[in-house]
Amino acid sequence: MSRRILISGGAGFVGSHLADGLLGAGHEVRVLDALNTQVHPNGPPAYLSPDVELMTGDVRDPNCLKQALRGVDVVFHFAACVGVGQSMYEISRYMSVNTGGTAELLQAILDNKSALDKLIVASSMSIYGEGRYYCSACDKAAAPPVRTTAQLKAGQWDLRCEHCGTVLEPRPTDESKPSEINSFYALSKRDQEEMCLIFGRTYGLPVTALRFFNIYGTRQALSNPYTGVAAIFASRLLNGQAPLVFEDGEQMRDFVSVHDIVRANMLAMERPESDGEVINIGSGNPVSILQVAQMLAGSLNSSIAPVVTRKYRAGDIRHCYADLTKARALLGYAPKVTHEEGFSELAAWLSKQQAEDRAETMLKELSAYGLTA
Ligand code: UD1
């Protein structure tokens with residue numbers, strides 16, 4: 001059945017890939033996007049399909065929302081500012097766009113009596129804070145608090161068992177792990193998730209919050225110094241510069257290809273089992289940041305070794321990767337793209353782009369606010 005779909009933030013990296021997936025499945029796609037200059041310095045991106053109906057406007061503007069919602073069956077709410085580090089000093093903008101924008105969207109759905117079948121909101125693994133851990137000495141599960149600034153300043157990167165002091169090992173993180181907020185970005189993402197779920201329960205609208213892990217792929221915004229680490233590292237390598245690795249590079253993340261993210265979103269739209277649920281979407285396969293730098297160098301045939309800076313970035317957690325049990329059960333989701341395939345695709349695309357290197361800009365901004373050392 002063909003549906004009329006609105007993607008807020010649909011001109012961005014993830015939203016535009018979803019638009020392609022939905023168009024390919026025969027749906028009609030409208031995009032509401034502010035075309036923020038940090039992400040889109042040259043206006044509408046060339047990669048956006050001509051079959052998308054593009055509306056340029058802010059998700060906080062009730063008039064834009066009214067028009068954007070007209071005749072729509074399904075909304076994917078992806079409009080958001082996405083940099084964890086940047087959220088620590090652009091507090092007002094992050095809370096306004098992410099939390100405030102979601103409030104406006106829900107208000108507009110209500111005020112315009114939009115007859116939606118489904119709302120899917122992009123949440124984030126960042127709302128967990130640290131992931132789940134295990135102490136091998138005590139043979140016990142652990143869920144330690146986030147590291148203090150004093151620990152980070154002292155270079156104490158690892159989390160240790162509160163009983164015996166052994167370095168804790170990461171374990172898959174499931175959706176029941178209590179949220180521990182460590183950045184304004186994470187706070188705004190939890191707001192987005194909870195606001196949409198409250199709205200769904202109150203008004204009988206099927207809502208699914210997908211907690212995305214670290215998404216990477218073609219179309220990551222190279223103009224944005226806070227784009228994901230994979231694109232930052234590849235851009236550095238293409239410019240003959242070494243990737244700058246925070247901490248000791250052993251911090252683990254769950255990198256998931258944007259193609260798997262598209263599949264998960266389409267499954268969430270189709271499957272009523274996902275209604276009212278929060279669901280992790282990742283690869284379930286953790287890799288260290290140092291490994292990411294090495295894999296990308298391999299894909300680009302570069303011999304440049306990463307530089308381990310032993311600096312920290314405020315708001316960062318040590319390890320987190322997805323437990324996908326719920327995604328498998330409710331969505332029938334299984335990641336298909338291996339890291340080798342996905343990073344090679346990213347590297348091949350980047351080598352054809354004007355690969356800007358904005359890492360120094362990010363570092364300057366963070367240090368101006370004392371958010372790295
Ligand atoms: C990313 C997403 C966020 C998403 C979250 C979910 C972006 C911009 N942010 O945040 O929207 O909700 O994943 O998991 O995509 N690092 C370096 N050197 C650098 C840059 C980063 O070592 O030059 C390190 C960081 O310290 C961190 C790791 O790489 O340990 C990942 O950083 P980043 O790609 O910014 O992702 P998240 O902060 O996890």
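Leaving aside neighbours within four places in sequence, which residues is Phe76 in contact with? In this predicted model, local features need pLDDT of at least 70 and side-chain atom pairs count only at pLDDT 80 or more, whereas totals for chains, interfaces and linings use all residues. Residues are numbered from 1 along each chain as its sequence is written, and side-chain values use heavy atoms, with hydrogens and water left out.

With contact defined as heavy atoms within 4.5 Å, Phe76 meets Ile5, Leu6, Ile7, Ser8, Leu18, Leu22, Ile120, Asn265 and Met269. Phe76 also belongs to the largest nonpolar core, of 44 residues, in which Ile7, Leu22, Phe76 and Ile281 touch the most other members. Helix H8 (residues 258–270) gives the most to this core, namely seven residues. A nonpolar core is a set of buried Ala, Val, Leu, Ile, Met, Phe, Trp, Tyr and Cys residues joined through side-chain atoms within 4.5 Å; buried means under 20% relative accessible area, exposed over 50%, and partly exposed in between (1.4 Å probe, protein chains only).

Arg211 is located in strand S9 (residues 207–212); helices (H or I, at least four residues) and strands (E, at least two) are DSSP runs, numbered from the N terminus. Arg211 has a relative accessible area of 8% and is therefore buried. Beyond residues up to four places away in sequence, Arg211 touches several residues, including Glu175, Glu193 and Ile281.

In a further contact, Ala230, Ala231, Ala234, Ser235 and Leu238 in H7 meet Phe343, Leu346 and Leu350 in H11.
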